[in-house]
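Visitor: I would like to learn how to read the features of this structure one at a time. Please start with the pockets.

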Amino acid sequence: MPLPQNEGLTLSTEYETNIGLRMMQINRLGGKYGSCTDGADFLKKYHLNYTVPLCYTMCEVSLTELKCGCTPVSTPDVYDTDVSVCDVSNNTIRSCFENVNDDVLNRYVDCECPTRCSEQVYTYSFSGRKWPHAKYLKKYVIHEVCRRDYTESFYADFCERYKKNNLTENDLQLMSGNFVAVNVYFEDLNYKLMKEEPLYNNVRFMSDIGGAMGLFTGASALTYCELIQVIVEIGFFFRNRRRPTVKNIN
């Protein structure tokens with residue numbers, strides 16, 4: 001669910017803006033490794049795919065309905081409710097709505113919006129240039145505007161002057177200020193995968209135990225062999241040792 005008021009970009013008129021998108025897939029372990037959700041309960045409740053910004057938006061909607069008796073203007077259109085939209089001209093309702101918004105924004109209320117266990121995140125970069133230039137404006141943009149039937153529109157008088165070739169610099173500046181060009185594209189056709197892995201899992205644990213046991217067992221076996229060897233050598237030493245004899249010599 002797109003949320004332009006929270007995650008959108010502001011585009012300026014008289015500019016051609018290029019927006020490059022890059023996708024990142026994030027997989028989190030969850031469970032004992034951290035708090036995350038698959039969004040199943042959220043989907044069942046609101047019939048919308050779970051995202052953290054959308055969760056806070058719906059949390060604000062629910063609190064506004066509960067405390068103010070109305071829904072905020074920023075409520076997604078797909079949200080089915082019988083509660084009327086908040087009348088911001090009413091000071092009491094506007095104050096209530098603003099207090100709820102501050103509570104959600106400053107995290108004074110627990111909306112229970114953990115990160116998603118598996119999500120796609122889009123990062124962007126953008127650049128722009130002044131557009132359209134005077135030649136393109138006169139030859140293509142104005143021609144295309146006046147080619148259509150705007151007899152009762154804002155451009156009616158303007159197109160009459162255009163047909164008579166009586167356009168001034170102020171007219172061109174006014175016309176260019178009513179257009180914006182946007183190019184949205186993917187910077188790369190591949191994407192980055194970021195996933196969590198346990199730092200110390202069962203396989204590594206058993207491997208470390210096996211290595212330690214192998215080290216200790218190997219050292220113990222060597223010690224036993226050396227001890228047996230010493231015992232055998234001592235036995236041979238005492239067995240083969242010559243006893244001194246004493247003879248009486250007259």
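Visitor: What volume does the largest pocket have?

Guide: This is a predicted model, and the largest pocket in it holds about 630 Å³ of space. Its lining has 17 residues, and those closest to the centre are E7, T51, Q120, V121 and Y122.

Visitor: Which element supplies the largest share of the lining of the largest pocket?

Guide: Strand β4 does, with six residues. Both α3 and β4 (118-130) give at least two residues each to this lining. By class, the lining of the largest pocket has nine nonpolar, five polar and three charged residues.

Visitor: How should I read the second largest pocket, and what is its volume?

Guide: The volume is about 340 Å³. There are 19 lining residues, of which K45, Y46, C55, C111 and E112 are the closest to the centre of the second largest pocket. Two or more residues of this lining come from each of α2 (40-46) and α3. The lining of the second largest pocket divides into eleven nonpolar, three polar and five charged residues.

Visitor: Turning to nonpolar cores, which residues touch the most other members in the largest one?

Guide: The largest nonpolar core has 21 residues, and F42, Y46, L54, M58, V104, C111 and C113 touch the most other members. Helices α2, α3 and α4 each contribute at least two residues to this core, and α3 gives the largest share, eight residues.

Visitor: Next, the strands. In which sense do β1 and β4 pair, parallel or antiparallel?

Guide: A general point comes before the case. Side chains in a regular strand alternate between the two faces of the sheet. In this model, β1 (residues 15-27) pairs with β4 in the antiparallel sense, over 13 bridges. Within that pairing, M24 of the model stands opposite V121 in β4. V121 is also among the residues closest to the centre of the largest pocket.

Visitor: How many bridges join β1 to β5, and how many join β1 to β6?

Guide: β1 and β5 (residues 181-186) run parallel and are joined by six bridges. N18 stands opposite N183 in β5. The pairing of β1 with β6 (residues 192-195) is parallel too, with four bridges; there, N27 has K195 as its bridge partner.

Visitor: Last, the loop between α3 and α4. Is T71 buried or exposed?

Guide: The cut-off to apply is that buried means under 20% relative accessible area. T71 lies in the loop between α3 (52-68) and α4 (91-105), and T71 counts as buried because its relative accessibility is 3%. Setting aside neighbours within four places in sequence, T71 contacts E65, T81, V83, S84, V85 and C86.

Visitor: What about P72, and why does P72 count as buried?

Guide: P72 is in the loop between α3 and α4. P72 counts as buried because its relative accessible area is 3%. Not counting residues up to four places away in sequence, P72 touches V61, T64, C86 and F97. V83 is eleven residues from P72 in sequence, and the C-alpha to C-alpha separation in space is 10.0 Å.

Terms used:
Residues are numbered from 1 along each chain as its sequence is written. This is a predicted model: local features need pLDDT of at least 70, side-chain atom pairs count only at pLDDT 80 or more; totals for chains, interfaces and linings use all residues. Side-chain values use heavy atoms; hydrogens and water are left out. Buried means under 20% relative accessible area, exposed over 50%, partly exposed in between (1.4 Å probe, protein chains only). Contact means heavy atoms within 4.5 Å. On a 1 Å grid over the protein atoms alone, a cavity is a set of points where a 1.4 Å probe fits but cannot get out, and a pocket is an open set with protein on both sides within 12 Å along at least five of seven lines; lining residues have an atom within 4 Å of a point. Grid points are joined across faces, edges and corners, and a volume is the space filled by probe spheres set on the points. Ala, Val, Leu, Ile, Met, Phe, Trp, Tyr, Cys and Pro count as nonpolar, Asp, Glu, Lys and Arg as charged, and the others, Gly among them, as polar. Two strands pair if DSSP finds at least two bridges between them. A nonpolar core is a set of buried Ala, Val, Leu, Ile, Met, Phe, Trp, Tyr and Cys residues joined through side-chain atoms within 4.5 Å.
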